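Thanks, everyone. Please have the sequence and the structure open.

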Amino acid sequence: MVVSIHNAGEFLSIPTWNQLLLGALSISILVLWSSGALDIRRRRMPPGPRGLPLVGNKHQVPSIKPWRMFKKWNEQYGPVVSLHLGRTPVIVLGTARAAWEILDKRSDIYSSRPRFVVAGEILSDNRRGLMLPYGEEWRKYRKVLHSGLHARRAETYKDMQSLESKATLRDILLHPEAWDANIQRYAASVAVSLSYGKRVHSMDEWIVRENVAAMDYIDSIPGKYLVESWPWLLKLPRFLQWFRREPEEYKQRDIKLYTSLIDDVKNRMAEGKCPDCLTSQTLSDEGFAPGSENKRKNEKVRFDELDVAYTVASPFGAGIETVSGVVFSINLKADAQSLVDGRKFSVVHA
Ligand code: HEM
């Protein structure tokens with residue numbers, strides 16, 4: 001049988017020229033509309049790098065350590081830079097002054113959070129308070145953290161901080177080549193001591209490696225997923241939502257890490273061996289510690305155990321890169337060398 005080319009096209013669902021032209025026209029209109037809309041939005045926003053239609057600046061933002069690119073743009077365009085990740089506008093504040101002016105002085109306008117589709121919803125099931133919009137859940141999260149981090153409570157951490165400082169000086173003396181790990185261990189141990197009532201002896205411990213991996217993954221999210229700019233992709237049948245695979249794998253890792261940490265606290269509490277810490281206090285207040293009664297049962301938002309696990313993990317996530325980053329950035333390396341020479345801190349050895 002002879003089949004004409006036209007019929008073969010229909011039979012094999014090959015698009016006809018008309019269909020191709022229509023498709024090309026639709027894409028051109030979408031691109032033109034998107035670039036026009038981007039231009040209009042950009043005119044009302046602070047300066048920043050020019051993006052492409054549809055994707056904005058997404059292709060220019062590296063998935064690992066995106067802030068290096070942000071820093072370059074701050075140097076080029078000024079302390080307040082705007083860009084687009086897809087259709088989502090992003091403002092990068094490059095100086096403390098800009099952050100103060102906008103986030104503190106105008107906090108009534110800029111205190112809430114945008115929607116974090118991947119990091120907040122898919123990865124964290126809305127259990128990470130840092131990514132919640134202003135509201136009752138956010139207030140509850142803040143209240144729990146405040147109980148462990150307010151100024152008077154912080155006073156009680158001085159002995160622990162002093163112990164960790166001395167241990168760090170000793171580590172630097174013994175292993176000056178591991179400068180970065182020594183400082184990171186200090187930061188990790190302070191955060192884990194106040195959160196879970198136990199010290200960190202090495203950056204190689206499983207909980208620390210897992211925590212660092214979790215934070216690195218969160219840092220890699222901005223600009224990485226199309227669904228962030230096009231949340232309608234969440235309406236696709238679940239098996240077609242290709243972007244879920246990676247965050248859902250990390251979610252399982254996070255849950256394993258955070259529950260193992262609070263289970264460990266519960267076990268030590270049962271044995272009477274857990275020092276007072278953010279987790280022991282929160283487990284008791286929320287009625288999850290052995291023999292405790294929920295003191296917060298009349299609050300509007302009730303936490304389940306997994307909410308507690310995520311919330312008390314915040315300092316562990318927030319306190320390592322920040323503290324060690326500050327120490328690195330004031331460049332104490334030179335001082336460490338003189339410390340190794342024994343000129344400054346011979347007292348530590350004594
Ligand atoms: C120099 C060191 C630090 C810097 C520069 C720093 C900076 C910040 C910033 C900018 C935020 C707000 C993040 C956001 O809203 O997106 C934040 C939140 C937070 N930080 Fe730090 N931080 C430091 C050390 C620490 C330490 C040592 C801890 C605990 C051990 C800690 C615990 C937290 C927590 C729990 C939050 C979330 C608070 C909330 O959502 O209200 N931070 N930090």
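Start with the ligand. In this predicted model, 13 residues surround the ligand. The closest are Ser314, Pro315, Ala318, Gly319 and Thr322. Which elements give two or more residues to that shell? They are helix H7 (136-149), helix H10 (179-196), helix H16 (314-318) and helix H17 (321-329). Eight residues of the shell are nonpolar, four are polar and one is charged.

Next, the overall fold. The protein chain has 19 helices and two strands. It runs to 350 residues, and buried residues make up 25% of them. Now take the contacts with a separation of 6 or more. Residues 24 or more positions apart account for 59% of those.

On to the packing. The largest nonpolar core has 29 residues. Those with the most contacts inside it are Ala187, Ala188, Ala191, Ile262, Val265, Ala309 and Ala313.

Look at alanine 187 for a moment. Leave aside its neighbours within four places in sequence. Alanine 187 is then in contact with Gly319, Ile320, Val323 and Ser324. Gly319 is also among the residues closest to the ligand.

Another core lies apart from the largest one. This other core has 12 residues, among them Phe116, Ala119, Leu123 and Tyr250.

Now a backbone detail. Most residues other than glycine have a negative phi. Aspartate 125 has a positive phi of about 50 degrees, and it is not a glycine. Asparagine 126 also has a positive phi, near 60 degrees. Where do we find them? Aspartate 125 is in the loop between helix H6 (117-122) and H7. Asparagine 126 is in the loop between H6 and H7.

Last, confidence. The protein chain averages a pLDDT of 87, and 85% of the residues score at least 70. Over residues 1-12, pLDDT stays under 50. For that stretch the model has four contacts beyond four places in sequence. Where pLDDT is low, the predicted coordinates should not be read in detail.

Notes
Residues are numbered from 1 along each chain as its sequence is written. This is a predicted model: local features need pLDDT of at least 70, side-chain atom pairs count only at pLDDT 80 or more; totals for chains, interfaces and linings use all residues. A residue is near a molecule or strand if its C-beta atom, placed from the backbone, lies within 6 Å of it. Helices (H or I, at least four residues) and strands (E, at least two) are DSSP runs, numbered from the N terminus. Ala, Val, Leu, Ile, Met, Phe, Trp, Tyr, Cys and Pro count as nonpolar, Asp, Glu, Lys and Arg as charged, and the others, Gly among them, as polar. A residue is buried if 20 or more other C-beta atoms lie within 10 Å of its own, exposed if 12 or fewer, and partly exposed in between; C-beta atoms are placed from the backbone. Two residues are in contact if their C-beta atoms, placed from the backbone, lie within 7 Å. A nonpolar core is a set of buried Ala, Val, Leu, Ile, Met, Phe, Trp, Tyr and Cys residues joined through C-beta atoms within 7 Å. pLDDT is the predictor's confidence in each residue, from 0 to 100.
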